[in-house]
Amino acid sequence: WPNYWALGATQVFDGIGGGCLDLMLKLYSHLLSRRTGHYNLNMAIVNTWKKLGGLVGIAIGSAIATEKSYEVAFPVLAGVAIFPALFSLGVSTPDLKSLD
């Protein structure tokens, strides 16, 4: 890697993003299973789908990179990632204080 500062910054931002994602998954699981007693079941379902999504992304990315090239695989996976990002913009979240 030619620039160690860029590598370090990438690792820091990846850690911050991963922490935010895990926190939000726990929050949404709490909201979805509120007053049911099924928080752990909900977390298991959410994490299963999260891991399956990662598995499919790796499988598709490696297949495209093997058949074509990395230059083709990265834009394809970035294009696929746009759909959940746009979908999440349309989802409204309730105020947490008003739920209890």
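Me: In this predicted model, is Asn-42 buried or exposed, and what is its relative accessible area?
Reply: Asn-42 has its place in helix α2, where it is listed among the buried residues of that helix together with Met-43, Gly-61, Ile-64 and Ala-65. Because buried means under 20% relative accessible area, the value computed for Asn-42 puts this residue in the buried class, at 14%.

Me: Which residues is Asn-42 in contact with, once its neighbours within four places in sequence are left aside?
Reply: The buried residues of α2 pack against α1 (4-32) and α3 (70-90), and Asn-42 is one of those buried residues. With the neighbours within four places in sequence set aside, the contacts of Asn-42 are Tyr-28, Ser-29, Leu-32 and Ser-33.

Me: Which residue forms a salt bridge with Lys-50, and how far apart are the closest N and O atoms?
Reply: The count of salt bridges comes to one. Lys-50 lies in helix α2 and Asp-22 in helix α1, so the pair ties together parts that are 28 residues apart in sequence. Lys-50 is partly exposed at 31% relative accessible area, and Asp-22 is likewise partly exposed, at 34%. The partner of Lys-50 is Asp-22, with the closest N and O atoms separated by 3.0 Å.

Me: What is the phi of Arg-35, a residue that is not a glycine?
Reply: Arg-35 is found in the loop between α1 and α2, and with a relative accessible area of 66% it counts as exposed. Most residues other than glycine have a negative phi. Arg-35, although not a glycine, has a positive phi of about 60°.

Me: How many aromatic pairs does a search of the whole structure find, and what are the centre-to-centre distance and the angle between the planes?
Reply: The search finds one aromatic pair, which is formed by Tyr-70 and Phe-74. Both residues lie in helix α3, four residues apart, about one turn of the helix. Tyr-70 is exposed at 56% relative accessible area, and Phe-74 is exposed as well, at 58%. Because planes under 30 degrees apart count as stacked, this pair is classed as stacked, with 6.2 Å centre to centre and 25° between the planes.

Me: What separates the C-alpha atoms of Asp-14 and Tyr-28, in Å?
Reply: Asp-14 is found in helix α1, and at 53% relative accessibility this residue counts as exposed. Asp-14 and Tyr-28 are 14 residues apart along the chain, and the separation of their C-alpha atoms is 21 Å.

Technical notes:
Residues are numbered from 1 along each chain as its sequence is written. This is a predicted model: local features need pLDDT of at least 70, side-chain atom pairs count only at pLDDT 80 or more; totals for chains, interfaces and linings use all residues. Side-chain values use heavy atoms; hydrogens and water are left out. Buried means under 20% relative accessible area, exposed over 50%, partly exposed in between (1.4 Å probe, protein chains only). Helices (H or I, at least four residues) and strands (E, at least two) are DSSP runs, numbered from the N terminus. Contact means heavy atoms within 4.5 Å. A salt bridge is a side-chain nitrogen of Lys or Arg within 4 Å of a carboxyl oxygen of Asp or Glu. Rings of Phe, Tyr and Trp (its six-membered ring) pair if their centres lie within 6.5 Å; planes under 30 degrees apart count as stacked, over 60 as edge-to-face and the rest as tilted.
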